[in-house]
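Here are some questions about labels and the values behind them. Look at the structure, then read on.

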Amino acid sequence: MKVSPIAHKQACPLCQSLDYVIRTESNPARTIRHSEAFGKTVYVRVPAIRLFCMQCQCGFV
Ligand SMILES: [Zn+2]
C-alpha cells in the first residue's frame, strides 16, 4: 500500500513553526510494517521527505 503526505510541509519539531521550514530533498520511500488487515500483514510505502528549519538550523524527516 502506498501513502503520501496530506501537507506539503510539517512544522519544525523545535519551534513548531511552518514559516521557516523548507523542503530539501526526498529520500527513497521507506517500507513500514503497519498492521494486520484483510487477514494479512500490511506494509505501507512512505516517502521520506527531508525538511529543514532555517530558524533552528535543524533538519528532520
Ligand atoms: Zn524551527
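**The zinc site and its surroundings**

The donors of the zinc ion are spaced C-x2-C-x37-C-x2-C along the chain. This is a predicted model, where local features need pLDDT of at least 70, side-chain atom pairs count only at pLDDT 80 or more, and totals for chains, interfaces and linings use all residues. Residues are numbered from 1 along each chain as its sequence is written, and side-chain values use heavy atoms, with hydrogens and water left out.

Q: Which atoms coordinate the zinc ion?
A: They are the SG atoms of Cys12, Cys15, Cys53 and Cys56, at 2.3 to 2.4 Å. Donors are N, O and S atoms within 2.8 Å of the metal (3.2 Å for Na, K and Ca).

Q: What makes the arrangement around the zinc ion tetrahedral?
A: Four donors count as tetrahedral if all angles lie between 85 and 135 degrees. Here the four donor atoms subtend angles of 106 to 113°, so the arrangement is tetrahedral.

Q: Why is Cys12 called buried?
A: Buried means under 20% relative accessible area, exposed over 50%, partly exposed in between (1.4 Å probe, protein chains only). Cys12 has 0%, so Cys12 is buried.

Q: Why does Cys15 count as partly exposed?
A: Its relative accessibility is 26%, so Cys15 falls in the partly exposed class.

Q: Why does Ser17 count as buried?
A: Ser17 has 14% relative accessibility, so the label is buried. Ser17 lies in the segment before E1.

Q: Why does Phe38 count as exposed?
A: Phe38 has 77% relative accessibility, so Phe38 is exposed. Phe38 sits in the loop between strand E1 (21–37) and strand E2 (40–53). Strands are DSSP runs of at least two residues, numbered from the N terminus.

Notes. Helix = DSSP H or I, 4+ residues; strand = E, 2+ residues; numbered from the N terminus. Tetrahedral: all angles 85-135°; square planar, octahedral: opposite > 155°, others 65-115°.
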